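Have the model open in your viewer with residue selection ready. The stops below are given in the order in which to select them.

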Amino acid sequence: MKNKIELIPLDDLFNNMSEEQQDYALDNQFPYLYAKAERLILLGIDKYRQVDYFQEPRGDNETLGLIFSGCIQICNGKGLTKDNPLSELGVSGFYSLMRMFHFDSVSRRTDHSFEYNGKSGALDEITFEHRVDKRTSTIFNFCEYPDLLNFNH
């Protein structure tokens, strides 16, 4: 039996946002990202790739797993704010996720001393531009620092 993936409906996400947050989500292509993420989750990676114009997503099994995880996070409202960023994707997983949506990075700001869920790490605020129509999207991604105190030599 497959585990059921719980996704928050887009209408519910918007109903729980302030008007300012809704405007930010719209300005940053969140409904587009949500629709593509939901479609990947429902179709599966292989079927999604077959119907995607750029045959995305691409990558090894680890990268594809990170992309799938990122899609679930987007469908649960993550990535729009520094207080609720995407996480556990790493930098390359985050870029692979956005490439799957046909976005390429155009600018990046990083806070190297950010705390999220009691963990220390870096928070990236990256603006992406769509390959075809040039619309932009700014998304937040948290990368946890390794726990150097427990590092075994």
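Start with asparagine 28, in the loop between α2 and α3 (30–43); helices are DSSP runs of H or I, at least four residues, numbered from the N terminus. Asparagine 28 is buried, at a relative accessible area of 7% (buried means under 20%, with a 1.4 Å probe and protein chains only). Show its contacts (heavy atoms within 4.5 Å): leaving out residues up to four places away in sequence, asparagine 28 touches Leu33, Thr136, Ser137 and Thr138.

The model is predicted, so local features need pLDDT of at least 70 and side-chain atom pairs 80 or more, while totals for chains, interfaces and linings use all residues. Numbering starts from 1 along each chain as its sequence is written, and side-chain values use heavy atoms, without hydrogens and water.

Next, select α5 (residues 61–74) and α6 (residues 90–100), whose axes come within 9 Å and cross at roughly 70°. Axes are lines fitted to C-alpha atoms over the stretch in contact, with angles from 0 to 180 degrees between N-to-C directions. The two helices are therefore roughly perpendicular (65 to 115 degrees). On α5, pick Thr63, Leu66, Ile67, Gly70, Cys71 and Ile74; they meet Gly93, Ser96, Leu97 and Met100 of α6.

Definitions and conventions:
Parallel < 35°, antiparallel > 145°, perpendicular 65-115°, else oblique. Buried < 20%, exposed > 50% of the residue type's maximum accessible area, 1.4 Å probe, protein only.
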